[in-house]
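Reader: I'd like a close look at a single part of this one, with the packing around it. Could you walk me through it in one go?

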Amino acid sequence: MVSRVGVSEDFRKQVLGYGLTTAEILYRLPDHPSLLQTYVWQNYDLFPKFPALRDFLHFWQEKLEGPLYSVRVAHSKLIKPADFRAVDGVFRLH
């Protein structure tokens, strides 16, 4: 029997293929529409459809007053196959 004690929800998501997604959101201030403000959103999400980010942006547009100006997204899978590299030489330590 495998115990689930100590395994975080974030780790489970990574094993299921989720990656760390960061979105830089620029939006206009409601009282000063000529000014832009930055908001950084970060969560685990699935590439390339980003359902969690899309849900957040939908919430933003429905519930918050600051209209979106732009969204820039970065995504990285934290659990991925290991990289193998050729060795140029052999080193011995005694």
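Author: Let's start with a definition: rings of Phe, Tyr and Trp (for Trp, its six-membered ring) pair if their centres lie within 6.5 Å, and planes under 30 degrees apart count as stacked, over 60 as edge-to-face and the rest as tilted. By that rule, ring pairs link Y27, Y39, W41, F56, F59 and W60 into a cluster.

Some ground rules before going on. This is a predicted model, with local features needing pLDDT of at least 70 and side-chain atom pairs counting only at pLDDT 80 or more, while totals for chains, interfaces and linings use all residues. Residues are numbered from 1 along each chain as its sequence is written, and side-chain values use heavy atoms, leaving out hydrogens and water.

Helices (H or I, at least four residues) and strands (E, at least two) are DSSP runs, numbered from the N terminus. The protein has two helices and three strands, in the order α-β-β-α-β from the N terminus on.

Helix α2 takes in residues 51-63, and at 1.5 Å a residue its 13 residues should span 18 Å, which agrees with the 18 Å between its end C-alpha atoms. The expected span here is 1.5 Å times one less than the number of residues.

Now for its two sides. Buried means under 20% relative accessible area, exposed over 50%, and partly exposed in between (1.4 Å probe, protein chains only). In α2 the buried residues are L53, F56, L57 and W60. They cover an arc of only 95 degrees around the axis, so they sit on the same side of α2; the arc is that of the directions from the helix axis to the C-beta atoms. The face turned away from that buried side carries the exposed R54, D55, E62 and K63.

What does the buried side meet? Its residues pack against β1 (19-28), β2 (36-45) and β3 (68-76), where contact means heavy atoms within 4.5 Å.

F56 and F59 both lie in α2, three residues apart, about one turn of the helix. F56 counts as buried, at 17% relative accessibility, whereas F59 is partly exposed at 40%.
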